[in-house]
Amino acid sequence: MLKVWASIITGAFLLGSVQGVQAAPQDQAAPFGGFTPQLITGESWSAPQGVSGEEKIWKYLESKQESFQIGQTVDLKKQLKIIGQTTDEKTGTTHYRLQQYVGGVPVYGGVQTIHVNKEGQVTSLIGSLLPDQQQQVSKSLNSQISEAQAIAVAQKDTEAAVGKLGEPQKTPEADLYVYLHNGQPVLAYVTEVNVLEPEAIRTRYFISAEDGSILFKYDILAHATGTGKGVLGDTKSFTTTQSGSTYQLKDTTRGQGIVTYSAGNRSSLPGTLLTSSSNIWNDGAAVDAHAYTAKVYDYYKNKFGRNSIDGNGFQLKSTVHYSSRYNNAFWNGVQMVYGDGDGVTFIPFSADPDVIGHELTHGVTEHTAGLEYYGESGALNESISDIIGNAIDGKNWLIGDLIYTPNTPGDALRSMENPKLYNQPDRYQDRYTGPSDNGGVHINSGINNKAFYLIAQGGTHYGVTVNGIGRDAAVQIFYDALINYLTPTSNFSAMRAAAIQAATDLYGANSSQVNAVKKAYTAVGVN
């Protein structure tokens, strides 16, 4: 078994989590153990003469060790590894992403982003580091169970709640971390149960590597809630592929493809690839899913230069007609899945581009910042999916208005302009702090949605007046913040700092755009 000597150790769119497997109520610090991001921004630190490249990062970190509560005798190069580096062609800023390790084991949530402007100055750091006080453990930490045993514990726990599990959607893996549990570092395996049978489940487990106990678990299923006519009767044109005498609902012109299947009102994925002998398509749910997925792909490519959700052409797979009268849609880490609705509360979920943009943005988040789907980071995860999903169509500030309560005109699931219309808070001090809804991931998303609305559109909110900069500039700021600055444990304060820094990169420190971001977050009570 692995032994670590511890002398230096320290996405639901609409309706919330699947009810079959739920964690015991815990506060919003879970699953981070109170691991709060450090925010160091607004600086222009210059490296000593002759220092360049990655060495600049290390010199900067060494100069800030006291701020991190890490002693000067600690060799940061042994604790931190650079795991990502990109340079933004628009701004000239180079963005580094680092992971903290202790005894060769990564620290869960110990991710930092550090940013160097085109003048070679370090401008900010956003992230989390485990300080000396929590690194000093008097005894060694021992892994007494294997990866396979941790996976078995998670599967057994899920089966106890819902019955025998079907085939996993992703090959089960368990990764070992140093994990803060109740404020104390322990060794833990992090694994997932991701199945469709007996119901759609994607649950993240934190399993003690010492005794196999379940330290924490929570549901991360990201719920959403040719030519042919869509669900709402509008005619669309889209790319298909001819195979012999039939046409397939497959687009090979975008990334590694866009492919649309039907589950036939069953729950097996991906289902059957849809075909037509005439290239005229009569399945409205499939038409909308296929055409709107292409629209979202094109938006990310044209607006941000991003090739699919992972930046490398990830195949975008959709399945419609999932289950029977299924009132939801979700991203399961592999593909998009859309129910048909019951015809009363919802019509088919693929009919609204907001939903498809929302689901695919969960995929982008999973491949970039990796915002944990719990508490404040989960609310940011939901909000960013709302923000970009809504911006793709850009017709109003409502989420899900095309599919929700078809017999009630003007109704929607959420309003970015006025979150209170749909029982969401519109400022931080009114946030939900209980354990339901994964610590309020859908409820509290209204706070960040309102901040985005104010940045884009402007207005006066709780006595603070914001001059809007337009949706186009605002969404660029939030996208850059997502991919370059946010980390898995980012909270609302980190979101504010990330948006300010992204706006500074794009438009300059004294710009109206930066001023709008600052005032908007002040208006919603986030400092």
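The structure is a predicted model, in which local features need pLDDT of at least 70 and side-chain atom pairs count only at pLDDT 80 or more, while totals for chains, interfaces and linings use all residues. Residues are numbered from 1 along each chain as its sequence is written, and side-chain values use heavy atoms, with hydrogens and water left out.

In soluble globular proteins, nonpolar side chains tend to be buried together. A nonpolar core is here a set of buried Ala, Val, Leu, Ile, Met, Phe, Trp, Tyr and Cys residues joined through side-chain atoms within 4.5 Å. Buried means under 20% relative accessible area, exposed means over 50%, and partly exposed lies in between (1.4 Å probe, protein chains only). The largest nonpolar core contains 85 residues, and those with the most contacts inside it are Y338, I388, F452, I477, M495 and Y521. Helix α5 (residues 284-304) gives the most to this core, contributing twelve residues. Helices (H or I, at least four residues) and strands (E, at least two) are DSSP runs, numbered from the N terminus. A contact means heavy atoms within 4.5 Å. Leaving aside residues up to four places away in sequence, M495 touches L380, I384, N448, F478, A481, L486 and Y521. A second, separate core has 22 residues, including L130, A174, V178 and V193.

A salt bridge is a side-chain nitrogen of Lys or Arg within 4 Å of a carboxyl oxygen of Asp or Glu. By this rule, 15 salt bridges are counted. In one of them, the side chains of R202 and E192 meet at 3.0 Å, N to O. R202 belongs to strand β10 (residues 201-208) and E192 to strand β9 (residues 184-195), and the two residues are ten residues apart. R202 is buried, at 3% relative accessibility, whereas E192 is partly exposed, with a relative accessible area of 21%.

In a further salt bridge, K295 and D393 have their closest N and O atoms 2.7 Å apart. K295 lies in helix α5 and D393 in helix α7 (residues 375-393), so this pair ties together parts that are 98 residues apart in sequence. K295 is partly exposed at 32% relative accessible area, and D393 is also partly exposed, at 23%. Salt bridges that share partners join E192, R202, R204, E366 and E372 into one network. The side chains of D234 and K236 form another salt bridge, at 2.5 Å from N to O. D234 is partly exposed, with a relative accessible area of 30%, while K236 is buried at 9%.

Strands of a sheet pair through backbone hydrogen bonds, either parallel or antiparallel. Two strands are taken to pair if DSSP finds at least two bridges between them. Three antiparallel bridges connect β15 with strand β16 (residues 246-248), and T241 has Q248 in β16 as its bridge partner.

Elsewhere, strand β5 (residues 105-116) pairs with β6 in the antiparallel sense over five bridges. The bridge partner of Q112 is G127 in β6. These two strands, β5 and β6, form a hairpin with five residues between them, and G120 in the turn has a positive phi of about 85°. Strand β6 (residues 122-127) is mostly covered, with six of its six residues buried.
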